Amino acid sequence: MNAQTGLTTRIARWAKGKSSEEGGAPLAPDNTAREATRNGSSREVDRRRDLYNDIGSFLFAHDLDLTVVNFGLALDYLTGNDHQIEKAVRAILSEKGQLTNGVVEQIVAERHAGEMTAEGLSTMLSTVEEDLTRFTKLANESQASATDYGEALEAKVKDMGGETSPEKVVSALIGLTRSMVEKSRQIEAEMRESQKKTRALQQNLEQARKAAEQDHLTGLPNRRAFEARLKEEVTLAQASGEALSVAFCDIDHFKKINDTHGHDTGDRVLKFVGSLLAKISGEKCHVARHGGEEFVMVFRGKTAAEACEIVDQTRADLASRNLVDRNSGERMNQVSFSGGVADAFAYPDPRDALKAADQALYLAKEHGRNRVYMAKGSVAVD
């Protein structure tokens with residue numbers, strides 16, 4: 001999928017989400033369930049509206065056409081979803097102070113130059129097909145050569161009973177054997193070369209898959225990889241009768257961190273928080289960067305309360321750290337995150353559980369930040 005197709009899909013998904021906005025599940029604490037549902041839904045609408053307004057302002061400020069490419073770059077720059085796009089835009093703005101349609105197209109083209117495209121995937125599949133055809137041909141040639149050798153050998157053995165001298169028969173046999181050996185060596189060499197190409201192709205495919213599923217900044221799986229993992233974990237938990245919980249966490253006042261200390265420091269904060277959350281990961285727990293300053297988790301074999309406790313331990317660990325801005329050497333204000341947790345099987349669909357966890361997250365922010373709330377009436381662990 002190319003950059004434009006992917007963006008078009010995202011725009012369609014958002015448009016659909018906006019047109020079918022729903023309240024979701026009740027949130028904690030118990031006495032604020034209705035308020036939480038209403039506030040969570042309202043917060044999501046406000047967040048999306050603010051994002052649309054910011055993108056529109058960005059496009060108009062730089063007199064950019066309303067195209068998929070320009071919209072996508074503005075989205076990635078303003079949300080921090082794509083670190084390379086963000087850095088490229090900052091460099092242009094620092095140097096020239098203004099973007100143009102041509103500059104945007106160049107930035108996006110350079111960013112996606114090395115990514116796996118539909119054409120690239122088609123080429124790889126064609127190569128695989130060619131290699132399979134070649135292997136089949138080589139195998140058939142090898143079988144045919146062996147058959148020809150056997151038939152020729154049988155004919156020469158019969159000749160030994162006739163008038164042909166034994167010396168000539170032996171000489172002919174030696175010639176046949178040499179020919180067979182040479183043909184076998186040729187086939188083996190061609191098969192080794194084909195195997196090298198196949199291994200190289202496998203490496204390219206693996207690299208493309210990894211690039212498509214890994215967040216470039218934190219090294220964690222990205223949103224796309226998490227969605228696939230969540231489906232797998234749901235299937236595994238249902239088969240084994242295990243609990244399954246999902247969680248969101250979002251760095252508090254992250255925009256202020258960027259504004260105060262710069263985007264490079266903000267990137268380091270993202271990587272540090274990602275590294276703390278990565279310590280939770282295991283065979284039954286998976287952490288991913290959901291986008292921007294938000295992370296998402298799935299816990300198999302853990303109830304919502306148990307998952308909440310685990311996330312809260314990481315929250316407390318982060319909040320107790322004294323982080324320093326490497327650029328200035330100054331101590332930073334407390335860095336923390338807020339979290340929301342939900343029971344994946346308490347909702348008709350895992351995506352509904354994710355929405356509930358997201359609503360719990362924003363309820364935690366509204367109640368003071370630096371805390372973790374559980375959906376469906378559970379109180380924060382703090």
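Show the whole surface first. The chain exposes about 21,300 Å², and carbon and sulfur atoms supply 50% of that area. Accessible areas come from the Shrake-Rupley method with a 1.4 Å probe, and for residues only the protein chains shown count as cover.

Two notes before you go on. This is a predicted model, in which local features need pLDDT of at least 70, side-chain atom pairs count only at pLDDT 80 or more, and totals for chains, interfaces and linings use all residues. Residues are numbered from 1 along each chain as its sequence is written, and side-chain values use heavy atoms, with hydrogens and water left out.

**Whole chain**

Switch to cartoon. The chain has 12 helices and five strands. Helices (H or I, at least four residues) and strands (E, at least two) are DSSP runs, numbered from the N terminus. Of the 382 residues, 36% count as buried. Buried means under 20% relative accessible area, exposed over 50%, and partly exposed in between (1.4 Å probe, protein chains only). Now think about contacts, meaning heavy atoms within 4.5 Å. Among contacts between residues at least 6 apart in sequence, 68% join residues at least 24 apart.

**Stop 1: N70**

Select N70, in helix α3 (residues 68-79). Is N70 buried or exposed? Its relative accessibility is 2%, so N70 counts as buried. Show its partners beyond four places in sequence: L59, L64, D65, N101 and V104.

**Stop 2: α9 and α10**

Select helix α9 (residues 254-261) and helix α10 (residues 263-278). Their axes come within 7 Å and cross at roughly 140°. Axes are lines fitted to C-alpha atoms, for helices over the stretch in contact, and angles run from 0 to 180 degrees between N-to-C directions. The two helices are therefore oblique to each other. Angles under 35 degrees count as roughly parallel, over 145 as roughly antiparallel, 65 to 115 as roughly perpendicular, and the rest as oblique. On α9, show F254, I257, N258 and H261; on α10, show H263, T265, G266, V269 and L270. These residues make the contact.

**Stop 3: the largest nonpolar core**

A nonpolar core is a set of buried Ala, Val, Leu, Ile, Met, Phe, Trp, Tyr and Cys residues joined through side-chain atoms within 4.5 Å. In soluble globular proteins, nonpolar side chains tend to be buried together. Which residues touch the most other members of the largest core? They are I251, L277 and M297, out of 30 residues. Elements that each supply at least two residues of this core include β1 (244-251), α9, α10 and α11 (304-319). Center on I251. Beyond four places in sequence, I251 touches residues including I257, V269, L270, F295 and F337.

**Stop 4: V296 and the second core**

A second, separate core has 20 residues, including V296, L354, L361 and A375. Select V296 in strand β3. At 0% relative accessibility, V296 counts as buried. V296 is in contact with F226, A247 and L354, among others. Check A247: it is 49 residues from V296 in sequence, yet 5.6 Å away in space, C-alpha to C-alpha.

**Stop 5: loops**

Move to G241, in the loop between α8 (223-240) and β1. G241 is exposed, with a relative accessible area of 66%. The C-alpha atoms of G241 and G301 are separated by 8.8 Å, although the residues are 60 apart along the chain.

Finish in the loop between α12 (350-366) and β5, at R369. R369 is partly exposed, at 27% relative accessible area. Its phi is near 65°, a positive value in a residue other than glycine. N370 lies in the loop between α12 and β5 too. N370 also has a positive phi, about 55°, and is not a glycine.
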